[in-house]
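Dear colleague,

Please find below the structure that I am handing over to you. My notes on it come directly after.

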Amino acid sequence: MTVTSTAVDRGIRIGTAPDSWGVWFAEHPSQIPWDRFLDEVEKAGYEWIELGPFGYLPTDPHQLEDELGKRGLKLSAGTVFTGLHKGDDQWQRAWDQALNVAGLASKLGAEHLVVIPDLWRSDLDASVIESRTLTTEQWGKLGAGHDKLGKALLEEFGVKQQFHTHADSHVGTYQETERFLEVTDQQFTNLCLDTGHFAYYGGDNVRLIEQYPDRIGYLHLKQVDSDLRFTVLKNDIPFGDAVAMGVMVEPPTGVPEFAPIIEAVAKIDPTIFGIVEQDMFPVSSIDLPLGIATRTREHIFGCTSAARIH
């Protein structure tokens with residue numbers, strides 16, 4: 001499917017990710033096969049995608065380049081997971097992932113690595129495994145660790161680190177995000193602002209963009225159910241369970257509105273990516289995501305001119 005964008009030249013680049021097809025793991029019986037995922041991304045009208053969990057898409061760069069190329073797709077970023085607030089012993093874990101993910105993604109032209117922090121609650125059994133807040137010492141380790149990682153990524157791969165604030169992590173609220181920006185250097189560490197995760201804790205996305213325009217390096221476009229999120233928070237429901245309950249919803253049925261965010265970011269830097277991510281694991285049927293992904297793209301291009309496919 002070929003999409004002709006009527007967007008202004010300064011519109012940000014809109015793409016999607018395996019997450020919007022319910023893919024959270026390299027392998028899982030409920031997930032859509034990777035080749036069907038790529039076929040459906042093309043059908044839904046997107047050009048840019050993320051790598052998703054390492055090992056879900058082919059890890060051979062030549063095979064992946066061929067598979068993307070024959071569908072007219074390009075790679076915007078890869079993803080790794082870190083726990084750098086825990087100390088120096090976490091460095092090797094982060095770098096080992098970076099060697100695989102950034103190594104592959106950069107060979108296909110991607111210039112970004114989305115870095116997701118460890119959660120304070122186990123994603124296996126929802127047990128609380130750490131304090132929900134960081135000490136001053138841990139904030140220092142977190143900032144220094146990410147700056148070290150960002151510097152190494154630039155030097156080794158020419159890839160920019162984009163830190164993803166996240167529900168059930170130590171960096172989720174507005175104040176926590178500000179603290180993270182204070183302890184990191186914008187040369188090496190900036191934000192993948194996930195609009196849904198930020199709104200999950202009541203954060204004002206546009207306010208953050210306007211207050212810290214130089215620290216916004218990447219977007220994940222997502223909406224949260226504005227009523228269900230408060231039920232989730234009041235009852236201390238783990239994020240994974242909240243996703244299964246449907247806390248992240250198909251646009252435009254949730255918050256925040258996409259248009260003001262996209263327009264604010266486009267004024268800062270039109271080369272920034274806005275990657276649609278819906279957090280919908282597990283999906284009730286692998287036939288479900290294609291329609292949602294298509295309607296979401298149509299909604300984005302219908303609500304603002306500050307977006308482009310190419």
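This is a predicted model: local features need pLDDT of at least 70, side-chain atom pairs count only at pLDDT 80 or more; totals for chains, interfaces and linings use all residues.

Residues are numbered from 1 along each chain as its sequence is written, and side-chain values use heavy atoms, with hydrogens and water left out.

Pockets

The search was run on a 1 Å grid over the protein atoms alone; a pocket is an open set of points with protein on both sides within 12 Å along at least five of seven lines, and a lining residue has an atom within 4 Å of a point. Grid points are joined across faces, edges and corners, and a volume is the space filled by probe spheres set on the points.

The largest pocket has a volume of about 1100 Å³. Its lining consists of 43 residues, and Trp24, Phe81, Leu119, Asp123 and His166 lie nearest the centre. Helices and strands are named here as DSSP runs (helices H or I, at least four residues; strands E, at least two), numbered from the N terminus. At least two lining residues of the largest pocket come from each of E3, H3, strand E4 (112-117) and helix H9 (239-245), and H9 gives the most, with 4 residues. By residue class, this lining divides into 22 nonpolar, 8 polar and 13 charged. In that count Ala, Val, Leu, Ile, Met, Phe, Trp, Tyr, Cys and Pro are nonpolar, Asp, Glu, Lys and Arg are charged, and the others, Gly among them, are polar.

The second largest pocket holds about 340 Å³ of space. It is lined by 22 residues, with Lys160, Gln162, Ile216, Gly217 and Asp269 nearest its centre. Strand E5 (160-164) and strand E7 (216-221) each supply at least two residues of this lining, and E5 has the largest share, 3 residues. The lining of the second largest pocket comprises 7 nonpolar, 9 polar and 6 charged residues.

Cavities

A cavity is a set of grid points where a 1.4 Å probe fits but cannot get out. There are 2 cavities of 30 Å³ or more.

The largest cavity contains about 40 Å³ of space. Its lining is formed by Thr16, Ser20, Tyr46, Val276, Gln278, Met280, Ile292, Ala293 and Thr296. Helix H11 (residues 288-303) provides the largest share of that lining, 3 residues. Of the lining residues, 5 are nonpolar, 4 are polar and none is charged.

The second largest cavity contains about 30 Å³ and is lined by His85, Pro117, Asp118, Leu134, Leu142, His170 and Val171. These divide into 4 nonpolar, 2 polar and 1 charged.

Helix H2

In helix H2 (residues 61-69), Pro61, Leu64, Glu67 and Leu68 are buried (under 20% relative accessible area, with exposed meaning over 50% and partly exposed in between; 1.4 Å probe, protein chains only). These four cover an arc of only 130° around the axis, so they lie on the same side of H2; the arc is that of the directions from the helix axis to the C-beta atoms. His62 and Asp66, on the other side of H2, are exposed. The cover over the buried residues includes helix H1 (34-44), strand E2 (48-50), strand E3 (74-82) and helix H3 (91-107). At the start of H2, a side-chain oxygen of Asp60 comes to within 3.1 Å of the backbone nitrogen of His62.

Single residues

Leu108 lies in the loop between H3 and E4. Leu108 counts as buried because its relative accessibility is 17%. Apart from residues up to four places away in sequence, Leu108 touches Pro61, Leu64, Glu65, Leu68 and Leu75, where contact means heavy atoms within 4.5 Å.

Ser76 belongs to strand E3 and is buried, with a relative accessible area of 1%. The side chains of Ser76 and Tyr218 make a polar contact (2.8 Å). A polar contact is a pair of N or O atoms within 3.5 Å; within protein, one must be able to donate a hydrogen and the other to accept it, and residues adjacent in sequence count only if both atoms are side-chain atoms.

Gln187 is placed in the loop between helix H5 (174-182) and strand E6 (190-194). Gln187 is exposed, with a relative accessible area of 55%.

With kind regards
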